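Subject: Structure for you to look at

Hello,

Here is the structure I promised to pass on. Please open it first, then read my notes beside it.

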Amino acid sequence: MKVLVTGGLGFIGSHTTHMLLKRGYKVLILDNLSNSRLETLDGINSSCENKAQFVEGDILDRRLLDQIFTSHDVQGVIHFAALKSVKESMEKPERYHLNNVEGTERLLGKCIQHGVERFVFSSSAAIYGNSRSPVSEDAEIGEILNPYGGSKIKCEQILRNAYSLHGKPDITILRYFNVAGAHPEGILGEEMRTDDGNLMSHIIRIATGEIEKLFIYGGDYDTPDGTGIRDYIHVMDVARGHIHALEKQKRGVHIYNLGSGKGTSVLQILQSFEKVNGRRIAYEIVERREGDIGVSFADPSKAMEELGWWAELDIRDIVRDSWDYQWRLIQDMCK
Ligand SMILES: NC(=O)c1ccc[n+]([C@@H]2O[C@H](COP(=O)([O-])OP(=O)(O)OC[C@H]3O[C@@H](n4cnc5c(N)ncnc54)[C@H](O)[C@@H]3O)[C@@H](O)[C@H]2O)c1
């Protein structure tokens with residue numbers, strides 16, 4: 001089967017593409033490099049007999065999408081391409097609407113026009129807002145806390161509406177919780193950005209000495225140690241979730257949580273990082289941030305029952321692989 005992976009040079013897309021290639025799929029990546037680097041293609045294609053093809057371009061470009069679908073026999077699309085910074089989405093909501101919502105609508109329109117059979121969409125636990133954990137897929141969609149979460153809710157609506165109107169393609173919506181980690185062989189990992197609000201990238205930056213300490217927002221949540229609890233899931237587990245979704249896709253629109261089902265507090269992550277990697281992480285607990293919720297973790301039982309998928313890796317694998325990848329990058333830069 002030939003699969004078009006949008007955003008395939010990004011964090012989750014690159015790991016998923018590598019896994020697809022390893023399993024014998026043909027893959028075409030479409031990415032505009034707005035949050036990725038071309039060198040990632042070497043990591044993806046390393047140790048794979050068949051190589052991914054790459055097109056640099058935008059999901060908003062209808063003419064390019066027509067060219068892709070007429071010149072490649074694409075049967076499945078995995079749609080990762082999106083902007084993902086909650087903070088930036090509050091500053092530039094229109095940019096998030098255009099890229100994430102309009103982009104998904106245009107891509108889906110072309111999939112329908114060109115007879116693509118399967119469509120897998122990257123959604124987010126952000127859409128649950130402050131629903132009570134563990135959250136299952138039938139939980140009410142929460143209050144929209146930011147334009148990023150809002151863009152995912154709108155995309156899900158567009159996908160459902162399109163299916164009820166056209167009866168195709170079959171759609172799987174995967175709602176990921178907090179994705180972290182890196183490829184265990186050190187060939188792929190996450191780009192660390194200064195402003196992405198991502199806990200693991202802050203911890204790594206402290207471990208490398210780039211920043212002094214971690215500010216933990218809120219030490220008075222109703223949790224055992226007072227810090228916020230999230231469901232961290234290894235990127236290799238998430239990548240595998242897409243293979244299950246593609247292979248077990250049923251008629252219609254189906255939604256699954258990809259989470260471990262376990263909550264881990266900020267302090268627990270920090271302690272685990274220190275223990276596994278032997279690096280000290282300085283921190284200071286400060287006031288809660290507006291819009292943050294105390295506890296969020298998944299009920300992953302639907303994915304277990306229907307897709308035969310569950311998280312195999314745990315928080316120790318996440319902190320080890322994240323650090324190994326960044327440490328390797330630093331050593332390569334020093335050579
Ligand atoms: N990382 C997480 O914890 C997490 C959690 C929930 C949901 N998600 C969703 O998963 C998807 C992938 O996330 P990620 O962490 O790999 O992000 P990422 O930023 O690393 O990857 C996204 C990729 O899409 C590309 N891209 C963005 N807009 C594009 C466009 N208009 N046309 C073509 N390419 C475009 C970027 O260059 C990048 O390579 C996103 O949809 C994100 O919202 C991520």
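Strand β5 gives the most to the shell around the ligand, with 3 residues. Strands (E, at least two residues) and helices (H or I, at least four) are DSSP runs, numbered from the N terminus.

Some ground rules. This is a predicted model: local features need pLDDT of at least 70, side-chain atom pairs count only at pLDDT 80 or more, and totals for chains, interfaces and linings use all residues. Residues are numbered from 1 along each chain as its sequence is written, and side-chain values use heavy atoms, with hydrogens and water left out.

The ligand

Start with the shell. There are 27 residues around the ligand, and Asp31, Asn35, Phe80, Lys84 and Tyr148 come nearest. By class, the shell has 12 nonpolar, 11 polar and 4 charged residues. Here Ala, Val, Leu, Ile, Met, Phe, Trp, Tyr, Cys and Pro count as nonpolar, Asp, Glu, Lys and Arg as charged, and the others, Gly among them, as polar.

Next, the polar atoms. A polar contact is a pair of N or O atoms within 3.5 Å; within protein, one must be able to donate a hydrogen and the other to accept it, and residues adjacent in sequence count only if both atoms are side-chain atoms. An N or O atom in the side chain of Asp31 is 2.6 Å from an oxygen atom of the ligand. Ile59 uses its backbone: an N or O atom there lies 3.1 Å from a ligand nitrogen. A polar backbone atom of Val179 is 3.2 Å from an oxygen atom of the ligand.

How much of the ligand is covered? On its own, the ligand has 830 Å² of accessible area, and the protein covers 95% of that. Accessible areas come from the Shrake-Rupley method with a 1.4 Å probe; for residues, only the protein chains shown count as cover. The elements that give two or more residues to the shell are α1 (11-22), β5 (118-124) and α6 (147-166).

Asp31

Look at Asp31 again. Asp31 sits in strand β2 (residues 26-31). Is Asp31 buried or exposed? Asp31 is buried, at a relative accessible area of 7%. Buried means under 20% relative accessible area, exposed over 50%, and partly exposed in between (1.4 Å probe, protein chains only).

The side chain of Asp31 also meets backbone nitrogens. That of Leu33 lies 2.8 Å from a polar atom of the Asp31 side chain. For Leu9 the distance is 3.1 Å. Leaving aside neighbours within four places in sequence, Asp31 is in contact (heavy atoms within 4.5 Å) with residues including Gly7, Ser36, Phe54 and Glu56.

Now follow the strands. Two strands pair if DSSP finds at least two bridges between them. β5 runs parallel to strand β4 (residues 76-79), with 4 bridges. His79 stands opposite Phe121 in β5. β5 also runs parallel to β6, joined by 7 bridges. There, Ser122 stands opposite Leu174 in β6. Strand β6 (residues 170-176) and β11 are parallel too, with 6 bridges. Ile173 has Ile255 as its bridge partner in β11.

In β5, 6 of 7 residues are buried. In β11 (residues 253-258), 5 of 6 are buried.

Glu156 lies in helix α6. Glu156 is buried, with a relative accessible area of 1%. A polar contact of 2.6 Å joins its side chain to that of Ser123. Beyond neighbours within four places in sequence, the contacts of Glu156 include Phe121, Ile173 and Ile255.

Backbone details

Last, some points in the loops. The peptide bond between Ser133 and Pro134 is cis, with omega about 0°. Pro134 is in the loop between β5 and α6. Another cis bond runs from Lys168 to Pro169, with omega near -10°. Pro169 is in the loop between α6 and β6.

Leu33 is not a glycine, yet its phi is positive, about 60°. Leu33 belongs to the loop between β2 and α2 (40-45). At 23% relative accessibility, Leu33 counts as partly exposed. Ser47 also has a positive phi, near 60°. Ser47 is in the loop between α2 and β3 (53-56).

Best wishes

Methods. A residue is near a molecule or strand if one of its heavy atoms lies within 4 Å of it.
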